[in-house]
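The following paragraphs lead through selected features of one protein model. Please keep the sequence and the coordinates at hand while reading.

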Amino acid sequence: MSQDDNIRNLEADIKLDLSERKNYGGYLYLNRLLSAQKPLSNPEHHDEMLFIIQHQTSELWMKLIIHELKAAIAWVQEERLGKASKILARVKQIQKQLFEQWAVLETLTPSEYVQFRGVFGNASGFQSVQYRQVEFLLGNKNEKMLSVFPEGSKSREVLQEVLESPSIYDVFIHYLYNHGYPLDKELVNRDYRQPHRYNESLMNALVDVYRYPEEHWSIYALCEQLVDVEESFQLWRFRHMKTVERIIGFKTGSGGSSGVGFLKKALDLTFFPELLKLRTAL
């Protein structure tokens, strides 16, 4: 028997019975997953499949980010900052996947996009409940966003819960306060439904951390992970804006927003203002 024949022959212990739930396709529910791409164009336009898969995979990555951010919040609440830092390092790597995905969508030209643009009506990423959850978990709370989802719907219920819960920055602030850092009481006891606003007492405490990192190492390390996550999120926002600009120019967005103009405004939002401003103060 030749070497090629040896390579082609299956090893004796390889499982050939694919009827169990624990085989590859069953475990991953691939039949369900791979049948969820249903283009609406008729006749089906070749590039609509790209558009659908781009957004579906983005939602899968965001589902994982939500899963990880909730875990990071729990670890900070348990005062295990090292565990939280590890989780945030993973979130940053997931964000890289989301960022690089835009390169695939950018192969879609304006001429190709207009061929199927009309079939999905007012559907827009603006309506993504998972994207809103990620923003809320990072601290960009906006109660008005709940009105995008019907009252009594599961989406609204999920988002309401995240809105009323502390963000990753909130639990970090609580950790600092509980360990004797001199923070304003109103900062610690604030309404979680509102976005975090710049606070001078927090700024001063973090400047001290950065001036003497060896004395505050676990806090210092977590701060840098938070900065990484914020920067990665902003890079994703920017790439999103540039991709939209490249494909539709300055047309109105599918969900009724101003499109590129709306996305540019989002670039001014920040999750952790003190962590960025302290660089100037040092």
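Directly after helix 7 comes Gly139, which has a positive phi near 120 degrees. The model discussed here is a predicted one. Helix 7 itself spans residues 129-138 and is mostly covered, with 10 of its 10 residues buried. The buried set runs through Val129, Gln130, Tyr131, Arg132, Gln133, Val134, Glu135, Phe136, Leu137 and Leu138.

What covers these residues? Not counting residues up to four places away in sequence, Arg132 touches Phe126, Met145 and Leu159.

Two packed helices are characterised by the angle between their axes and by the distance between the axes. For helix 7 and helix 12, the angle is about 145 degrees and the axes are 12 Å apart. Their crossing is left-handed. On the helix 7 side, the residues that meet helix 12 are Tyr131, Val134, Glu135 and Leu138; their counterparts in helix 12 are Val229, Phe233, Trp236 and Arg237. Divided by class, this contact comprises 6 nonpolar residues, no polar ones and 2 charged ones.

How many cavities of 30 Å³ or more does a search of the whole structure find? The search finds 1. The largest cavity has a volume of about 90 Å³. Its lining is formed by Met62, Ile65, Gln95, Leu98, Tyr131, Val134, Phe233 and Trp236. Helix 4, helix 5 (81-105), helix 7 and helix 12 are the elements that each give two or more residues to this lining. Tyr131, Val134, Phe233 and Trp236 therefore belong to the cavity lining as well as to the contact between helix 7 and helix 12, where contact means heavy atoms within 4.5 Å. By class, the cavity lining divides into 7 nonpolar residues, 1 polar residue and no charged residue.

Gly139, the residue that follows helix 7, also takes part in lining the second largest pocket. This pocket has a volume of about 190 Å³. Along with Gly139, its lining contains Asn140, Lys141, Asn142, Pro195, His196, Arg197, Tyr198, Leu269, Thr270, Phe271 and Pro273. The lining of the second largest pocket consists of 5 nonpolar, 5 polar and 2 charged residues.

Helix 12 can be examined again at Thr243, which is found in that helix. Is Thr243 buried or exposed? With a relative accessible area of 1%, Thr243 is buried. Leaving aside neighbours within four places in sequence, Thr243 is in contact with Trp102, Leu105 and Glu106. The C-alpha atoms of Thr243 and Leu108 are separated by 9.6 Å, although the two residues are 135 residues apart along the chain.

A contrasting pair is His45 and Arg190, which are 145 residues apart in sequence and 51 Å apart in space, C-alpha to C-alpha. His45 lies in the loop between helix 3 (30-34) and helix 4. This residue counts as buried because its relative accessibility is 18%. His45 touches Glu112, Gln115 and Phe116, with residues up to four places away in sequence not counted.

Backbone geometry is the final topic. Most residues other than glycine have a negative phi, and most peptide bonds are trans. The loop between helix 3 and helix 4 also holds Pro43, and the peptide bond from Asn42 to Pro43 is cis, with omega near 5 degrees. Tyr29, in the loop between helix 2 (24-27) and helix 3, is not a glycine but has a positive phi of about 50 degrees. Tyr29 is partly exposed, with a relative accessible area of 40%. Glu79, in the loop between helix 4 and helix 5, likewise is not a glycine and has a positive phi of about 65 degrees. At 42% relative accessibility, Glu79 counts as partly exposed.

Technical notes:
Residues numbered from 1 in each chain as written. Predicted model: local features only at pLDDT ≥ 70, side-chain atom pairs only at ≥ 80, totals over all residues. Heavy atoms only, no water. Buried < 20%, exposed > 50% of the residue type's maximum accessible area, 1.4 Å probe, protein only. Helix = DSSP H or I, 4+ residues; strand = E, 2+ residues; numbered from the N terminus. Axes fitted to C-alpha atoms, helices over the stretch in contact; angles between N-to-C directions. Left-handed = near helix turned anticlockwise from the far one by under 90°. Nonpolar A, V, L, I, M, F, W, Y, C, P; charged D, E, K, R; others polar. 1 Å grid on protein atoms, 1.4 Å probe; cavity = no way out; pocket = protein on both sides within 12 Å on 5 of 7 lines; lining within 4 Å. Points joined across faces, edges and corners; volume = space filled by probe spheres on them.
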